Amino acid sequence: VKPLTVIVCIKDVPDPEGPASAFEIHGDSKKVVPAGIPPVINPFDENALEVGVRLKELHGGKIIALNVSGKAKAAVLKKALSVGADELILLEDQSFEDLSGRSVAAVLSRAIEKIGDYDLILTGRQAADWDSGQVGLLVGQMLQVPAISLGRSVSVENGKVTVEKLRPVGYEVVTAFTPALVTVSSEAGELRLPTIKAMQDARKKPTTVWRAEDIGIDTADLHKRNIRSLSSPPPRSRNCLFAGGSSPAERGENLVIRLREDRII
Amino acid sequence: MSQTPERILVIAELQGGRLPPLTLELFTLGKRLADEGAGLLCACVAGYGLADGLEEIACYADEVYGLDHPLLAGFQVDLSGAATKALASSLSPGVILMGHTYDGLELAAQLSGAMGSDLVTDSVHVEQDPVTHRFLCTKEVYGGKAVAIFETETTPAVVTVRPKSHEPAKPRGSKGRVIPFDCVLDPSIARTESVGIMPEQTVDLDTAEVVVAGGRGASSQEAIDRLHDLVAAFGNHFMKAELGVSRPLVDAGLFPRSRQIGQTGERVAPQLYVAVAISGATQHVTGILGAGKIVAINRNKDAPIFDVADYGVVGPLEEVIPAIIGKLEETT
């Protein structure tokens, strides 16, 4: 079995499971500022990382985690090292702050070209902050490698990747020669928890920082995310009428009575 | 700006020779943009043996272009991307609109990369700034916790449009022109190969009058059985009741994705939505906002789902659901 080199692109986001009230919308700076919730690795990127770790278990080889930022949240991203990534490369440069999707993809592509030898690039299907879902596919396009979206399982054999790709109903089996890129969907499964030993080992694993000049990218070519305005969504709350009753069963019955009174049923 | 009218290019789809609702929705948006900017609404469709389909599309657009080629009979992103790019390069549209579907997003990213165009995905509203002529695209971000208006800076801009965000267009009185476009494709540019489609039973959440949906707290087999029972009980009172789930149950492999409701699943608008053991994360709630009435059943009285519900029952589903079913079965 030939060992694989798998590159996984990860970013941090405010924990999307946090309550809506923890996402403060700053219209002036056009930013969403998390209040009292921690940053996490984007859950869809965690799915991609899990796929990478499974492939490494089967084939051996190494996983390189890549992140683009103006200022890296290294402590959060290092979780990747404790679940199976072998190296974390931070593409960190002030000029990388608030980039458009296309520019993020350009930075990632230049870094991947610098890494050079790899079999597979994995990304999440989208990031839980801007919900754009374009960076992974754009990286594939820029590197001119096969790009397969919404993988729910990924296997590699004899220089070919086989992906079960989501369809609106069912799935499609798609193959391509490596090197290739796959965007991974949540159906692929949740990222495993790190073991204590793995967390200790992770401290010895390398974290590398590459600035714009290290990957030979001209910062004048980079574009910022262009947002005209950012606002709260229209109110969604309804007035909830709680069914009364001293037991859950009684409350359930009272719900039906009320639905009948209101001519819902 | 130049004197020639700006083109708005809609990527249409044909399914079994018919235009799906999402394509008709794109025509509504495209026509408004064309009218407001005194532009031309153009449509293109890729496939093989398109003749009748093109005539149908001509009822909705000023100009219709068929990308008719044996290699386009199925969707392969490199081939569809190359054909669409060739057409777009010759038409120079101000914006290219397509549906925010799995294939649509792939094609959009391909075009954006190949043409160096800004891409905004999953837009619910698009307008053109009358002064700068740039396109302003409204979309939900942060799982629906905020709404952003993105401004595109390139010509063309590429935009994917969320299903059901516009009314479907009606056919016009006069037909547009079907204009031949010579589509030349090299099969070797296809970098991926489809080796099979695995179908699943179709789930049509769209036409259900009632959707009963289970969440993370309903993952045991017993709970799932109870959900099915509840669907059946509501099914006796409505034309059609269907079972949906929130993402955790799909990710756990308990249900197919076609039953998933929420940001990365389906958006539903039944008369009645019954959320069972669903906490109410924004990513889920964004998929049910169109529901007529929302019932929430949850053991946690502080669950955020109650904030968006019309009716709430606090209690464990194991006790609440049998009581609801018993009462539903009583004749009134």
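Me: Where does Gly133(A) lie?

Reply: First, helices (H or I, at least four residues) and strands (E, at least two) are DSSP runs, numbered from the N terminus. Here, Gly133(A) sits in the loop that links strand 8 (120-124) to helix 5 of chain A. Keep in mind that this is a predicted model, where local features need pLDDT of at least 70, side-chain atom pairs count only at pLDDT 80 or more, and totals for chains, interfaces and linings use all residues. Residues are numbered from 1 along each chain as its sequence is written, chains are lettered from A and ligands numbered from 1 in the order in which they are written, and side-chain values use heavy atoms, with hydrogens and water left out.

Me: Is Gly133(A) buried or exposed?

Reply: Buried means under 20% relative accessible area, exposed over 50%, and partly exposed in between (1.4 Å probe, protein chains only). Gly133(A) counts as buried because its relative accessibility is 13%. Contact means heavy atoms within 4.5 Å; leaving aside neighbours within four places in sequence, Gly133(A) is in contact with Arg125(A), Gln126(A) and Leu105(B). Its C-alpha is 9.8 Å from that of Ser149(A), 16 residues apart along the chain.

Me: And which class does Ser188(B) fall into, buried or exposed?

Reply: Ser188(B) is exposed because its relative accessible area is 56%. You will find Ser188(B) in the loop between strand 10 (177-179) and strand 11 (193-198) of chain B. Ser188(B) and Leu79(B) are 109 residues apart in sequence, and 9.2 Å apart in space, C-alpha to C-alpha.

Me: How should I read a helix?

Reply: An α-helix has 3.6 residues a turn, so residues three or four places apart point the same way. The expected span of a helix is 1.5 Å times one less than its number of residues. Helix 8 (residues 317-329) of chain B has 13 residues and reaches 18 Å from first C-alpha to last, close to the 18 Å expected. Its buried residues include Leu317(B), Val320(B), Ile321(B) and Ile324(B).

Me: What do the buried residues of helix 8 of chain B pack against?

Reply: Their partners include helix 7 (248-261) of chain A, as well as helix 5 (221-235) and strand 14 (272-276) of chain B. After helix 7 of chain A comes Arg263(A), with a positive phi near 60 degrees.

Me: How many cavities of 30 Å³ or more are there?

Reply: Rolling a probe the size of a water molecule over the atoms shows where empty space is left. On a 1 Å grid over the protein atoms alone, a cavity is a set of points where a 1.4 Å probe fits but cannot get out; lining residues have an atom within 4 Å of a point. The count comes to 1 cavity of 30 Å³ or more. The largest cavity has a volume of about 90 Å³, and its lining includes Leu137(A), Gln141(A), Val77(B) and Arg191(B).

Me: How confident is the predictor in chain B?

Reply: pLDDT is the predictor's confidence in each residue, from 0 to 100. Chain B averages a pLDDT of 95, and 99% of the residues score at least 70. The model scores ipTM 0.94 and pTM 0.93.

Technical notes. 1 Å grid on protein atoms, 1.4 Å probe; cavity = no way out; pocket = protein on both sides within 12 Å on 5 of 7 lines; lining within 4 Å. Points joined across faces, edges and corners; volume = space filled by probe spheres on them.
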